[in-house]
Amino acid sequence: EAENDPLWSGHTAPFWPMQWHGDTFDLPVGGVRLASSALTPNQLFRVGDRSYGLQFHLEADMALLELFLRDEDGYLAANGVDRAAFVADARVRFPEVRPVAEAIFGRWIAML
């Protein structure tokens, strides 16, 4: 469905944005699933023409991650996440995700 979506078309190849959540949800009535992962079936959805829900942090960069980490108070370890590996992975993934984020946010602004 994402390949036919006006916001996400052309940006449907797998990518790895930061995920920082322990909760999940069912799609709302009328929701169209646009992306999923092995652990979280509803990563991205659309309702109507312009309302989107994301269960990942497309906006994240190292500065934002540092803010998250400052106050995480053991959340990562409690959820089986190795903090050092998480940060190392982010350093690799953020530059890969940035072009997708810039394209998506630019399209979204144009849709408003």
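I started with helix α1 (residues 62-70) and helix α3 (residues 83-111), which pack at an angle of about 160 degrees with their axes 11 Å apart. Helices here are DSSP runs of H or I, at least four residues, numbered from the N terminus. Axes are lines fitted to C-alpha atoms over the stretch in contact, and angles run from 0 to 180 degrees between N-to-C directions. So α1 and α3 are roughly antiparallel (the label for angles over 145 degrees). I noted M62, L65 and L69 of α1 touching R83, F86, V87, A90, R91 and F94 of α3, where contact means heavy atoms within 4.5 Å. By class, that contact has 7 nonpolar, no polar and 2 charged residues (Ala, Val, Leu, Ile, Met, Phe, Trp, Tyr, Cys and Pro are nonpolar, Asp, Glu, Lys and Arg charged, the others, Gly among them, polar).

Caveats for myself: this is a predicted model, where local features need pLDDT of at least 70 and side-chain atom pairs 80 or more, while totals for chains, interfaces and linings use all residues. Residues are numbered from 1 along each chain as its sequence is written, and side-chain values use heavy atoms, with hydrogens and water left out.

Next, pockets. A pocket is an open set of points on a 1 Å grid over the protein atoms alone, where a 1.4 Å probe fits, with protein on both sides within 12 Å along at least five of seven lines; lining residues have an atom within 4 Å of a point. Volume is the space filled by probe spheres set on the points, which are joined across faces, edges and corners. The largest pocket holds about 390 Å³. I count Q19, W20, H21, L39 and V81 as the closest to its centre among 13 lining residues. Its lining splits into 6 nonpolar, 6 polar and 1 charged.

Methods: Helices (H or I, at least four residues) and strands (E, at least two) are DSSP runs, numbered from the N terminus. Angles under 35 degrees count as roughly parallel, over 145 as roughly antiparallel, 65 to 115 as roughly perpendicular and the rest as oblique.
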